[in-house]
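Have the structure open beside you as you read.

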Amino acid sequence: MSRNDELTGYGRHHLQMESYGAAAFCFYRAIKENEFNGNAWNGLILSLSLMRREEEIRTTLARFALQPGLDFDRDLLTFVFMMWQQNPRALAEWLRRVVEFNGIPEKDKLAFTEIAEDAERAYEDLVAKYGAESLHSRGMLTLEEYAARPIQLDWLLEAPVDTIYEQLQWWLEDKDSALSAVRLLCMLPDTRSEKLLRRVCRNVAIEPKVRTHALLALRWLGVRGNARLYKFNESFVIDLDNPKPELTISVPAVYKPALDRVKLWAAKEKGLVTPEVYERYASTDEVELPPEIVEKLDEAEVPPLLQEVSHALIRAAHDEYYPLVPTISGTRQWSAALLMLMKDYAVGIGEEWPYGEPEQDETAKQHRNWLLSASPDFYPSIEEVRKLKES
């Protein structure tokens with residue numbers, strides 16, 4: 001087995017162990033040694049996605065498409081359409097490049113060419129409406145511009161390791177850059193990274209959210225066993241093999257029933273389910289809803305932006321208060337709290353809200369206030385988005 005194969009194998013092992021930072025490091029090193037290693041490209045993009053590093057995913061996808069001689073990888077299509085659903089320019093350029101890759105079926109070439117043509121027309125319509133310079137200033141970059149942007153892994157493999165740690169020490173002492181340092185340390189497999197992250201978990205001078213991320217970064221680095229987290233004037237021991245409550249950068253699974261009830265409310269307001277059906281399921285904490293009801297939730301088509309608003313609020317509160325997070329029961333009230341905040345966001349930025357007036361009992365209001373307590377910039381950010389839309 002070659003060294004490059006070993007690096008890719010280590011990356012896959014770390015992926016299976018949910019050590020996503022260590023996996024990304026291995027895959028990136030494999031690519032630097034052999035840019036034609038398609039497995040390493042796939043693994044790097046998957047690792048970055050599991051850490052929710054969306055900007056770095058876009059850059060890596062662009063670099064992949066601009067690397068001639070690679071084999072076609074169908075698994076990447078999901079990431080491409082997700083990452084560039086708001087940028088038809090980059091989407092079209094990516095598809096135009098990939099149709100020249102090795103091993104792509106002829107029917108896929110035709111399909112991708114048609115999608116690229118549709119995306120190009122969509123971009124032309126946007127240019128006619130807003131102007132190319134305005135679109136570019138809002139982040140609608142070309143594929144080459146995405147590829148040229150640096151990612152953290154570039155620095156980790158190019159700079160002297162002592163210089164990196166010296167810089168990270170400075171970042172950890174700065175409120176605005178501490179989280180960036182933590183997120184970088186999880187991709188730097190070294191005993192010094194583990195020591196620094198453990199210190200962050202115990203450092204009350206660092207924001208609570210960052211301390212939670214340091215705990216998660218230890219898992220992504222590949223550390224297992226116990227880790228000590230200091231919060232709320234208490235010391236907590238967290239088992240990194242099986243952390244309780246759930247330790248995640250995504251929305252914790254316990255919120256799924258509440259998020260489903262948000263969609264159920266939307267389905268009721270759109271007339272897709274009757275008020276009786278809503279009452280039947282809204283007042284329960286069942287994790288899995290019947291398939292015929294799930295189908296109606298999908299038909300409700302709650303805008304992805306509003307769903308992400310609720311997700312961001314949940315993640316912020318979870319990070320702030322971990323491990324003292326509430327047990328999620330009474331999903332009807334939790335869904336009502338999320339609907340209140342989603343409505344405030346939609347109306348605040350000048351978008352439609354076709355879902356009526358959310359239920360507002362006292363428990364729902366308490367849940368809403370708890371979520372808001374970890375996002376003090378929620379309403380100021382709404383005002384900023386509204387002003388940007390009006391400019």
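Ser 137 is exposed, because its relative accessible area is 59% (buried means under 20%, exposed over 50% and partly exposed in between, with a 1.4 Å probe and protein chains only). Ser 137 sits in helix H8, residues 132-137; helices here are DSSP runs of H or I with at least four residues, strands are runs of E with at least two, and both are numbered from the N terminus. Between the C-alpha atoms of Ser 137 and Trp 353 there are 28 Å, and along the chain 216 residues.

A word on the ground rules. This is a predicted model, in which local features need pLDDT of at least 70 and side-chain atom pairs count only at pLDDT 80 or more, while totals for chains, interfaces and linings use all residues. Residues are numbered from 1 along each chain as its sequence is written, and side-chain values use heavy atoms, leaving out hydrogens and water.

Now to helix packing. Two packed helices are described by the angle between their axes and the distance between the axes. Take helix H12 (residues 178-185) and helix H14 (residues 208-221): their axes come within 8 Å and cross at roughly 10°. Axes are lines fitted to C-alpha atoms, for helices over the stretch in contact, and angles run from 0 to 180 degrees between N-to-C directions. H12 and H14 are therefore roughly parallel to each other (angles under 35 degrees count as roughly parallel, over 145 as roughly antiparallel, 65 to 115 as roughly perpendicular and the rest as oblique). Ala 178, Leu 179, Val 182 and Leu 185 of H12 meet Val 210, His 213, Ala 214, Ala 217 and Leu 221 of H14, where contact means heavy atoms within 4.5 Å. Sorted by class, these residues are eight nonpolar, one polar and no charged (Ala, Val, Leu, Ile, Met, Phe, Trp, Tyr, Cys and Pro count as nonpolar, Asp, Glu, Lys and Arg as charged, and the others, Gly among them, as polar).

H14 also packs with helix H13 (residues 191-202), at an angle of about 150° and with the axes 8 Å apart. That angle makes H13 roughly antiparallel to H14. The contact of H13 with H14 has nine nonpolar, one polar and three charged residues.

Finally, which residues of helix H16 (residues 275-282) are buried? They are Tyr 278, Tyr 281 and Ala 282. These residues lie on the same side of H16, because they cover an arc of only 95° around the axis, taken from the directions from the helix axis to the C-beta atoms. Their cover includes helices H15 (256-269), H17 (291-300) and H19 (331-348).
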